[in-house]
Amino acid sequence: MTETTTRSELTLTPSEMAPFIQHTKIDVGSTREEMIAHAQEAISYGFNAAMVPASWVPLVAAELAGTGIGIASALDFPTVGVMTSAGKAAEAAEIARLGATQLDIGVQLGWLKSGMFDEFREDIAGVVRASGIPVKVMLELPLLSDAEKEAAVELAMEAGASYLKNASSGQIETANPASIRFLVDRARDGVLVKASGSIKGYAQGLELLRAGAVLLGTSAGIAIVTDSSDENTTSY
């Protein structure tokens, strides 16, 4: 049985999806108590990681110490491509020092569209080198032409990305199997795919995993693993 066939036939109960979910909380103005509660939810449900703003990484890292649950954060986000490369690398190193074990980063879309491929690649590579932790690259696929998508994927892998992401959030794209398969089909050995963007329900999450994603970034993780999503469920 091929890997593609294996993934397409993947069967999980809602609760079994928890180890694939990066439990996300990036609301503006989140309090200390809310972030502690978020970390405790990650423990209670057995999520893959807690995704939190960099400013809360030390607190969440302390809460999750010894649990085996990852501490993820994001950089050059939510507006991507606005930081200098030097600034991005310095912040990446600091976020890792504070306790993050994974880092999702925005990319310089304008540089890519300008044909500045070396600069685009080095912007990512600087973060990879400085942080020393797995880096997930948010490629914003809907904003790219077909040729730009191909270039972005290749350049991100050349830069040392550990994961390719279809988008940074639901404002860019609702995660869908077609985008995930596009990335999976082009990923080199050892490079994995994370799905992100308005992932709200169990069925949607399962389809993304079947398409080849190994991680789901969502703020609706509890609704997904309890199969309680409805028309009022929201997710980044």
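**Close-up views of a predicted model**

View 1. Just after α9, you'll find Gly212 with a positive phi of about 125°. Keep in mind that everything here comes from a predicted model. The helix itself covers residues 202-211, and together with β7 and β8 it makes a right-handed β-α-β unit. Which residues of α9 are buried? They are Tyr202, Gly205, Leu206, Leu208, Leu209 and Ala211.

**View 2. Strand β8 and where its residues point.** Strand β8 takes in residues 215-218. Leu215 and Gly217 point one way, while Leu216 and Thr218 point the other way. Are these four buried or exposed? Whichever way they point, all of them are buried.

**View 3. The partners of strand β8.** Look for His23 here: it stands opposite Thr218 of β8. Another is β7, residues 192-196, again parallel to β8 and again joined to it by three bridges. This time the residue to look for is Lys194, which stands opposite Leu215 in β8.

**View 4. Two rings, one stack.** Search the whole structure for aromatic pairs and you get one. It's made by Tyr45 and Phe47: their ring centres are 5.8 Å apart and their planes meet at 25°, so the pair counts as stacked. How exposed is each partner? Tyr45 is partly exposed, with a relative accessible area of 35%, whereas Phe47 is buried, with a relative accessible area of 2%.

**View 5. A lysine over a tyrosine ring.** Here you're looking at Lys136, which lies over the face of Tyr163. How far is Lys136 from the ring centre? The distance is 5.8 Å.

**View 6. An empty space inside.** Rolling a probe the size of a water molecule over the atoms shows where empty space is left. In this structure there is one cavity of 30 Å³ or more. The largest cavity has a volume of about 140 Å³. Its lining is made up of 16 residues, and those nearest the centre are Thr24, Met51, Lys165, Ser168 and Ser196. Which elements give two or more residues to that lining? They are β7 and β8, the parallel strands from View 3.

Conventions. Residues are numbered from 1 along each chain as its sequence is written. This is a predicted model: local features need pLDDT of at least 70, side-chain atom pairs count only at pLDDT 80 or more; totals for chains, interfaces and linings use all residues. Side-chain values use heavy atoms; hydrogens and water are left out. Buried means under 20% relative accessible area, exposed over 50%, partly exposed in between (1.4 Å probe, protein chains only). Two strands pair if DSSP finds at least two bridges between them. A crossover is right-handed if, with the strands pointing away from the viewer, the path from the first strand over the helix to the second runs clockwise. Rings of Phe, Tyr and Trp (its six-membered ring) pair if their centres lie within 6.5 Å; planes under 30 degrees apart count as stacked, over 60 as edge-to-face and the rest as tilted. A charge sits over a ring if NZ of Lys or CZ of Arg is within 6 Å of the ring centre and within 35 degrees of the ring normal. On a 1 Å grid over the protein atoms alone, a cavity is a set of points where a 1.4 Å probe fits but cannot get out, and a pocket is an open set with protein on both sides within 12 Å along at least five of seven lines; lining residues have an atom within 4 Å of a point. Grid points are joined across faces, edges and corners, and a volume is the space filled by probe spheres set on the points.
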